[in-house]
Amino acid sequence: MIFDLHNLAPSIGQVNALRSNDRYGDLPDNASDFGDCPIEDAKGLFEPHDCIKGDVARVWLYMRMQHGVQIQPAEEAMFQAWALADPVSPWERQRQDRIEAETSIGNPFVKIPNSAGSCPWE
């Protein structure tokens, strides 16, 4: 499970260390600024930037389906909302297709029609 390529993504080391094992959640607007990567972290919760929330949500939904990762009902509702607010980008779809080509395992939560995505680089 820890080596599942759908669960691995490049990140800023300091942000990854700050998140640690915190659960994902929605927090009040008290963003910590890591350059162009505004995030929020407080009381055991971590909120990624709005334009990456859908990507995070689709990974968690996949990990539950593929590996039995437990997601609470409130978290699932949040992840579903995040996935709708931040649609699959062409980059996310291309990444999924490459992983599937190498592993023969796809993420069905990404395998939907492409859209513009919500990050400036997408």
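Colleague: What counts as a helix or a strand here, and how many of each are in the protein chain?

Modeller: Helices, of at least four residues, and strands, of at least two, are DSSP runs numbered from the N terminus. The model is a predicted one. From the N terminus on, its elements follow the order α-β-β-β-β-α-α-α.

Colleague: Which element of the protein chain has the highest mean pLDDT, and which the lowest?

Modeller: The average pLDDT of the protein chain is 87, and 87% of the residues score at least 70. Where pLDDT is low, the predicted coordinates should not be read in detail. The highest mean, 96, belongs to helix α2 (residues 53–67), and the lowest, 68, to strand β2 (residues 32–34).

Colleague: What share of the residues in the protein chain is buried?

Modeller: The accessible surface of the protein chain comes to about 7,400 Å², and carbon and sulfur atoms hold 56% of that surface. A residue is counted as buried when its relative accessible area is under 20%. Of the 122 residues in the protein chain, the buried share is 34%.

Colleague: How many aromatic pairs are there?

Modeller: Two rings of Phe, Tyr or Trp pair if their centres lie within 6.5 Å. By this rule, the number of aromatic pairs is five.

Colleague: Is the pair of Y24 and W82 stacked or edge-to-face?

Modeller: The ring centres of Y24 and W82 are 6.4 Å apart, with 80° between the planes. Planes over 60 degrees apart count as edge-to-face. The pair of Y24 and W82 is therefore edge-to-face.

Colleague: Which elements does the pair of Y24 and W82 link?

Modeller: Y24 and W82 are 58 residues apart, so the pair links distant parts of the chain. The elements are strand β1 (residues 23–24) for Y24 and helix α3 (residues 73–85) for W82.

Colleague: Is Y24 buried or exposed, and what of W82?

Modeller: The cut-off for a buried residue is a relative accessible area under 20%. Y24 has 14%, and W82 has 5%. Both values lie under the cut-off, so Y24 and W82 count as buried.

Colleague: What kind of pair do F79 and W82 form?

Modeller: F79 and W82 lie three residues apart in helix α3, which means about one helical turn between them. Both F79 and W82 are buried. Because their ring centres are 5.7 Å apart and their planes stand at 70°, the pair is edge-to-face.

Colleague: Which residues do the ring pairs link into a cluster?

Modeller: W82 pairs with Y24 and with F79. The cluster linked by ring pairs consists of Y24, F46, W60, F79 and W82.

Conventions. Residues are numbered from 1 along each chain as its sequence is written. This is a predicted model: local features need pLDDT of at least 70, side-chain atom pairs count only at pLDDT 80 or more; totals for chains, interfaces and linings use all residues. Side-chain values use heavy atoms; hydrogens and water are left out. Rings of Phe, Tyr and Trp (its six-membered ring) pair if their centres lie within 6.5 Å; planes under 30 degrees apart count as stacked, over 60 as edge-to-face and the rest as tilted. Buried means under 20% relative accessible area, exposed over 50%, partly exposed in between (1.4 Å probe, protein chains only). Accessible areas come from the Shrake-Rupley method with a 1.4 Å probe; for residues, only the protein chains shown count as cover. pLDDT is the predictor's confidence in each residue, from 0 to 100.
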